[in-house]
Amino acid sequence: MEVSPTHIKCEEKRSNTATICGNAYAACIAAFVASTGFFHGYDNAVVNDVFTMPSFREMMGWPEEDNAKVAFWEGFTVNGFNLGAAVAAVLAGHFLVDRHGRRPALKLGTLLFACGGGLQASAMNQLMLILGRLIAGVGVGITSAAGPAFISEVSPSQIRGMLVGVYQNNVCLAIVFAALLNYFVHDLAFGWRISLGLQVALGCLVFVGLIFVCETPRFLESKQRSEEALEVLTRLRAGNRDAAKQELTEVQDELAEEQQTGEAAWSEIFTTPFFRNVVLIGCLVQFFQITTGINAVVSFSGTLFKALGISGIGPSLVPFIAFTVGNGVGSFFLVDRVGRRVLLLLGMITMCITMLVGGAIALLAHDPATGEIQSAAGVVIVAMIVTYMFAFGISWGFGAWLYISEIMPLRVRGKAVGLCTAVNWGPANVLS
């Protein structure tokens, strides 16, 4: 029987349409889960301007100008979040995400984020605020372990890298959004409670959405639920059962290889030279990401701008917009073209130059008599901060996470990535 060219074209068109629809459905699921990246950026950045709100400082009994005591409590408040995230990052991957599934882990992390936000918004003293930050940090630590894993396991291979990049972009967008919201509620009597309380709404909204999200086919297959895994994967691939079967076979082969390889004990990570060296490289990459000072800039830029006598929505937003733009350019356009190492090197060199120039100008332009910095010098310092944020976003912001996920041997990947993540959060407690 002869098949007409028109029939072939129709079949090709239907096939292409199915592929597009399949990618759209899977992309929507992955993009929704990527919204948990918003938690990370928002909770980490929202305290930036909350520290400067008059109503907040009055509630906490802080003076208008910072002193050593206030600086201690500010650092303690920021570090409560980092501490919770560090502990959760080490424990969540192995004990929660791999054992009980990505979806339950995401739901638990989302609930903890909302509960922590509620405690922060209702805080009557510094200890309540710090406890709320700690709980929210645990939630973010869990979602930061489960979210990228979920996205990578449900996304089609053609758009997997882009969708994982969406998670990091949401971190950046949340920082911009937090700065914008803080600006509009800055002088309200309950402005700081609104900023911190929004975490409750975000957490509850995402939790409701997660009720309708499926578990990943890879996790289902790892628990010998093959039929369920095939059904889920078929839905994610626009009903193309043959393609789903082929992809599931690949997943089964990977899981068989992992089972044959086995998982290394903690002692093996530190006693086997090859594993130890690779993990050391990963830990150092994460350590250097934080020693760039990014957490301090994100959390205390509002305090810095106030000290420079700079106010307004523009200076507050521009550094974070530069961060977001840099992250988008780096993750979507440059990283696969110029390579990971080149981006990390160029980014670090640029950040070093901007911090040296900004710091030198701050020292030279500082008037010891008045304690103030000339306005022109302040503008140059802000320009250095903007350039610094762009350089971080285009390189180390996403590059450090991508690098460690790609270099880790299969046998130690779970524990090693958790350990490297903990190194990232741990130094943040000291450096912030």
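Guide: Happy to. H15 gives the largest share of the lining of the second largest pocket, seven residues. Please keep in mind throughout that this is a predicted model. Helix H15 spans 294-307, and at least two lining residues each come from H15, from helix H17 (340-365) and from helix H18 (375-394). In total, 16 residues line this pocket, and those nearest its centre are Leu304, Gly358, Ala362, Ile381 and Ile385. Sorted by class, the lining has 11 nonpolar residues, five polar ones and no charged ones. The volume of the second largest pocket is about 350 Å³.

Two packed helices are described by the angle between their axes and the distance between the axes. For H17 and helix H19 (residues 396-407), the axes come within 10 Å and cross at roughly 145 degrees. The crossing of H17 with H19 is left-handed. On the H17 side, the contact uses Arg340, Leu343, Leu344, Gly347, Met348 and Met351, while H19 brings Trp396, Phe398, Gly399, Ala400, Leu402, Tyr403 and Glu406. By class, this contact of H17 with H19 holds nine nonpolar, two polar and two charged residues.

H19 also packs with helix H14 (residues 273-291): their axes come within 10 Å and cross at roughly 170 degrees. Because of that angle, H14 is roughly antiparallel to H19. From H14, the residues Val278, Ile281, Gly282, Val285, Gln286, Phe288 and Gln289 meet Trp396, Gly397, Ala400, Trp401, Tyr403, Ile404 and Ile407 of H19. The contact of H14 with H19 divides into 10 nonpolar and four polar residues, with no charged ones.

One more pair is worth a look, earlier in the chain. Helix H6 (residues 102-121) and helix H7 (residues 126-154) have axes that come within 7 Å and cross at roughly 155 degrees. That angle is why H6 counts as roughly antiparallel to H7. H6 and H7 make a left-handed crossing, and their contact has 17 nonpolar, eight polar and three charged residues.

Technical notes: Residues numbered from 1 in each chain as written. Predicted model: local features only at pLDDT ≥ 70, side-chain atom pairs only at ≥ 80, totals over all residues. Heavy atoms only, no water. 1 Å grid on protein atoms, 1.4 Å probe; cavity = no way out; pocket = protein on both sides within 12 Å on 5 of 7 lines; lining within 4 Å. Points joined across faces, edges and corners; volume = space filled by probe spheres on them. Helix = DSSP H or I, 4+ residues; strand = E, 2+ residues; numbered from the N terminus. Nonpolar A, V, L, I, M, F, W, Y, C, P; charged D, E, K, R; others polar. Axes fitted to C-alpha atoms, helices over the stretch in contact; angles between N-to-C directions. Parallel < 35°, antiparallel > 145°, perpendicular 65-115°, else oblique. Left-handed = near helix turned anticlockwise from the far one by under 90°. Contact = heavy atoms within 4.5 Å.
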